[in-house]
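Dear colleague,

I am handing over the structure below, together with some notes on what was found in it. Please read the notes with the coordinates open beside them.

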Amino acid sequence: MNKKTICDIDVAGRRVLVRVDFNVPLDKETMRILDDTRIRAALPTISYLREQNAKIVLVSHLGRPDGKVVESARLAPVAARLAELLGVPVPCATDVVGASANAVVAALQPGDVAMLENVRFEPGEELNDPALAKQLAAFADVFVNDAFGTAHRPHASTAGIAASLPAVAGLLMEKEIDYLGRIVSNPQPPVAAIIGGAKISSKIAVLQHLLSKVSVLLIGGGMASTFLKARGIGVGSSLIEADQVATAQKVITDAGRAGVKLGLPIDVVVADRFAADAATRTIDIHNVPEGWMILDIGPKTVADYESRLRGVKTVVWNGPLGVAEWPPFAHGSHAVARFLAKLDATVVIGGGETVAMVTELGLASEYAHVSTGGGASLEFLEGKELPGVAALLDR
Ligand code: ADP
Ligand code: MG
């Protein structure tokens, strides 16, 4: 990575403000944390800073409170979970830059960790307001960005603050950029991409960017139907983006020109309506009945995709291959997830739903890298510079 990290700067005994991404899923009734992956992912940076006797101020957002205080989006449960993981108290301020935050920061001793309240309670956060950035910067001598999942947003706590403090990457940020960067710039060939999920429109930029990088491109999920339609195949009542058929056709043509082997479903699981308990059939791609919709790839497609993946050395996967949150339509995604877990290749997985799925399967540790950033990993793979990364000091 061409950016400085916490290992390149003196943090010993200094006040360090760390932007973390603790935007974890919470049970709306009990406020219990459903998945603490994002908190655990920040532990290497926090532990390193504690060893260096830094005074650590953590800043995160949670949910979308849109610039006002929302009781159900307070960070106290997150601080409590972090305290459990670290085995030390983690006081949590009840405001972002007010009296409570000031008091919490002032009380820090070397090696201590504290949290500010949900930074998106402040209207200036998402506006990248320089006044808020300065108030946050006043709490510290060094800024560390470890929030890869929010690095594609130019906010006060991810970008603006870097104007007032020496700004470096945390260890999670470094790991994300190293793995995803290698996929984009220097992957071990042959490279395959598996792209699924709901829509072409949200992934077209990454599809086009990857065409010049991969030798195998496998398509699944809702977007596969638009590709099939572009091929002239009947897809019944499947989710179609009518305005993207031409785009899909162009990807098919460009893939052919670039010598990319494009995989589209050859059989599918169809349902008579969009529901977890719909009637289902597994059929050849040319037999989709009127009124039925494609909700998963079928077993022949799984076998076909697996044979195309054998021998590749790098795989990037973004987007489930079917409606994987409903068991009848999860088989394709689960089969491919299990296959990739055993494949002798560098496998990098991104995308919110895709990552949640492999985590639930207990497979996350079987891949080279599972990204903590949904939108951020996608934008990175599109070749875009992320504002939260751009703001950091060059090495
Ligand atoms: P990720 O978050 O991993 O990037 P996306 O957000 O692009 O993935 O897409 C995930 C969503 O796509 C899931 O909610 C899933 O239900 C939906 N999806 C997958 N396959 C289909 C399909 N065949 N028809 C409709 N929706 C689908
Ligand atoms: Mg998603």
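This is a predicted model: local features need pLDDT of at least 70, side-chain atom pairs count only at pLDDT 80 or more; totals for chains, interfaces and linings use all residues.

Residues are numbered from 1 along each chain as its sequence is written, chains are lettered from A and ligands numbered from 1 in the order in which they are written, and side-chain values use heavy atoms, with hydrogens and water left out.

Ligand 1 is surrounded by 19 residues, of which the closest are Lys-203, Ile-294, Glu-325, Glu-353 and Thr-354; a residue counts here if one of its heavy atoms lies within 4 Å of the molecule. An oxygen atom of the ligand is 2.6 Å from an N or O atom in the side chain of Glu-353, and another pairing places a backbone N or O atom of Gly-352 at 3.2 Å from an oxygen atom of ligand 1. For Ile-294, a backbone N or O atom lies 3.0 Å from a nitrogen atom of the ligand. Taken alone, ligand 1 exposes 580 Å², and the protein buries 85% of that (accessible areas come from the Shrake-Rupley method with a 1.4 Å probe, and for residues only the protein chains shown count as cover).

Turning to aromatic residues, the structure holds two aromatic pairs, where rings of Phe, Tyr and Trp (its six-membered ring) pair if their centres lie within 6.5 Å. Phe-274, Trp-326 and Phe-329 form one aromatic cluster. There are also charges placed over rings (NZ of Lys or CZ of Arg within 6 Å of the ring centre and within 35 degrees of the ring normal): Arg-281 lies over the face of Trp-292, at 4.4 Å from the ring centre, and the charged end of Arg-182 sits over the ring of Tyr-179, 4.9 Å from its centre.

Helix α2, which covers residues 43-51, has Leu-43, Thr-45, Ile-46, Tyr-48 and Leu-49 buried, where buried means under 20% relative accessible area, exposed over 50%, and partly exposed in between (1.4 Å probe, protein chains only). Helices (H or I, at least four residues) and strands (E, at least two) are DSSP runs, numbered from the N terminus. After α2 comes Asn-53, with a positive phi near 60°.

His-61, in the loop between β2 (55-59) and α3 (76-86), is buried at 4% relative accessibility, and its side chain makes a polar contact (a pair of N or O atoms within 3.5 Å; within protein, one must be able to donate a hydrogen and the other to accept it, and residues adjacent in sequence count only if both atoms are side-chain atoms) with the side chain of Arg-19, at 3.1 Å. Asn-318, in strand β12 (residues 314-318), is likewise buried, with a relative accessible area of 2%.

Some backbone details deserve a look. The peptide bond from Pro-189 to Pro-190 is cis, with omega near -5°, and Pro-190 belongs to the loop between α6 (171-185) and β6 (191-195). Met-31, although not a glycine, has a positive phi of about 60°; it is found in the loop between β1 (15-19) and α1 (37-41).

With regards

Technical notes: Rings of Phe, Tyr and Trp (its six-membered ring) pair if their centres lie within 6.5 Å; planes under 30 degrees apart count as stacked, over 60 as edge-to-face and the rest as tilted.
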